[in-house]
Amino acid sequence: IALYIWQKGEGPHLTPVPEFCTDDMSSYKVDHCATTFSNFLPLCGEPVKKEDIFVAVKTCQKFHGDRIPVVKQTWEREATLIEYYSDYADISIPTIDLGIPNTDRGHCGKTFAILERFLNHSSPRTPWLVIVDDDTLISIFRLQKLLSCYDPNEPVFLGERYGYGLGTGGYSYITGGGGMVFSRIAVQQLLASKCRCYSMDAPDDMVLGMCFSGLGIPITHSPLFHQARPMDYPKGYLSHQIPVSFHKHWNIDPVKVYFTWLAPNTEKSLNGKKVGYNREDL
């Protein structure tokens with residue numbers, strides 16, 4: 001849009017108007033702002049019960065020692081129903097070996113095995129499935145509120161939406177790193193179809209997007225799920241939301257990121273000490 005208006009310098013000049021603010025309603029500047037915003041999580045009724053959310057964590061043996069301890073230090077305590085799926089059964093975690101070898105690229109085979117297991121081995125009264133990577137940081141507490149806005153009796157596929165070839169007849173998909181949320185009905189309809197991985201190491205999130213597109217099940221976008229780290233987004237963008245998830249542990253302290261951005265309280269007790277972190281540093 002900016003390039004269109006600019007017209008290589010021949011268009012109208014853009015004039016900043018300080019009265020159009022992106023400050024929170026609690027800001028001292030609010031009296032001088034024509035626009036403000038308020039941070040709140042969508043809440044459309046009673047939050048979904050923890051017992052109604054089954055969390056599946058995708059991992060593999062080489063990450064058992066560094067990534068799984070982060071999950072256990074942070075958000076695992078929020079989840080009532082959680083299982084770790086790997087290429088190796090480690091009773092200390094514990095992990096479940098799905099019999100699917102680990103792949104360096106996509107994890108389509110593993111993800112479809114998780115979907116099959118959810119449908120056939122979890123309680124049929126559990127309406128929601130969340131699949132996350134072992135380096136995903138997520139707030140189950142906030143997800144409970146968000147899911148109050150969706151009907152589990154409908155096919156729901158929720159998360160951060162990406163697109164592939166949308167200008168040429170492509171499809172949308174939920175990017176896996178930020179977390180993929182399925183209603184049980186969506187999983188049932190997917191597995192009842194003949195849509196499957198074209199290879200074991202195909203990108204699972206893109207294959208799922210292709211399958212759901214073929215079934216006519218819409219991809220539901222939420223900006224509260226994030227495929228990347230907090231530092232990868234503009235500060236102004238994140239200041240307008242209460243995030244549900246972040247992804248990747250590169251060059252950050254993921255425990256600090258969780259307790260700064262995602263913990264149920266802004267200050268949490270970590271190793272018996274009160275901690276508080278500056279979001280500007282993360």
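This is a predicted model: local features need pLDDT of at least 70, side-chain atom pairs count only at pLDDT 80 or more; totals for chains, interfaces and linings use all residues.
**Entry 1. Helices α3 and α6**

From α3 I noted Cys108, Thr111, Phe112 and Leu115, and from α6 Asp204, Val207, Leu208 and Cys211. I sorted the residues of the α3 and α6 contact by type and recorded six nonpolar, one polar and one charged.

**Entry 2. Helices α5 and α6**

I next turned to α5, which spans residues 184–192, and α6, which spans residues 204–215. Their axes lie 10 Å apart, and the packing angle is about 90°. That angle makes α5 roughly perpendicular to α6. On the α5 side I found Ala186, Gln189 and Leu190; they meet Leu208, Cys211, Phe212 and Leu215 of α6. The residues of this contact comprise six nonpolar, one polar and no charged.

**Entry 3. Helices α3 and α5**

Phe112, Leu115, Glu116, Phe118 and Leu119 represent α3 in the contact, while Arg184, Val187, Gln188, Leu190 and Leu191 represent α5. By type, the residues of the α3 and α5 contact are seven nonpolar, one polar and two charged.

Is Thr126 buried or exposed? I placed Thr126 in the loop between α3 and β4, the latter covering 128–133. Its relative accessibility is 5%, and because buried means under 20%, Thr126 counts as buried. Setting aside residues up to four places away in sequence, I found that Thr126 touches Glu51, Asp52, Ile53, Phe54, Leu81, Phe118 and Arg184.

I then examined Tyr198, in the loop between α5 and α6. Tyr198 has a relative accessible area of 61% and is exposed. Outside the four places on either side in sequence, Tyr198 touches Pro203 and Val207.

**Entry 4. Thr80**

I found Thr80 in the loop between α2, residues 67–73, and β2. With a relative accessible area of 41%, Thr80 is partly exposed. Apart from neighbours within four places in sequence, Thr80 is in contact with Lys50 and Glu51. Glu51 is also among the residues touched by Thr126. Thr80 and Val30 are 50 residues apart in sequence, and I recorded 41 Å between their C-alpha atoms.

**Entry 5. Backbone exceptions**

Most residues other than glycine have a negative phi, and most peptide bonds are trans. I searched for departures from this.

Which residues does a cis peptide bond join? I found this bond between Ile93 and Pro94, with omega about -10°. Pro94 sits in the loop between β2 (81–86) and β3 (95–97).

Lys8 is not a glycine, yet its phi is positive, about 55°. I located Lys8 in the loop between α1 (2–6) and β1 (53–58). Lys8 counts as exposed, at 74% relative accessibility.

Lys248 also has a positive phi, near 90°, and is a residue other than glycine. Lys248 lies in the loop between β11 (245–247) and α8 (254–261).

**Entry 6. Domains**

Finally, I consulted the domain assignment of the protein chain, which gives domain 1 as 1–37 and domain 2 as 51–221. I noted 39 Å between the C-alpha centres of domain 1 and domain 2.

Key
Residues are numbered from 1 along each chain as its sequence is written. Side-chain values use heavy atoms; hydrogens and water are left out. Axes are lines fitted to C-alpha atoms, for helices over the stretch in contact, and angles run from 0 to 180 degrees between N-to-C directions. Helices (H or I, at least four residues) and strands (E, at least two) are DSSP runs, numbered from the N terminus. Angles under 35 degrees count as roughly parallel, over 145 as roughly antiparallel, 65 to 115 as roughly perpendicular and the rest as oblique. Contact means heavy atoms within 4.5 Å. Ala, Val, Leu, Ile, Met, Phe, Trp, Tyr, Cys and Pro count as nonpolar, Asp, Glu, Lys and Arg as charged, and the others, Gly among them, as polar. Domain bounds come from an automatic or database domain assignment. Buried means under 20% relative accessible area, exposed over 50%, partly exposed in between (1.4 Å probe, protein chains only).
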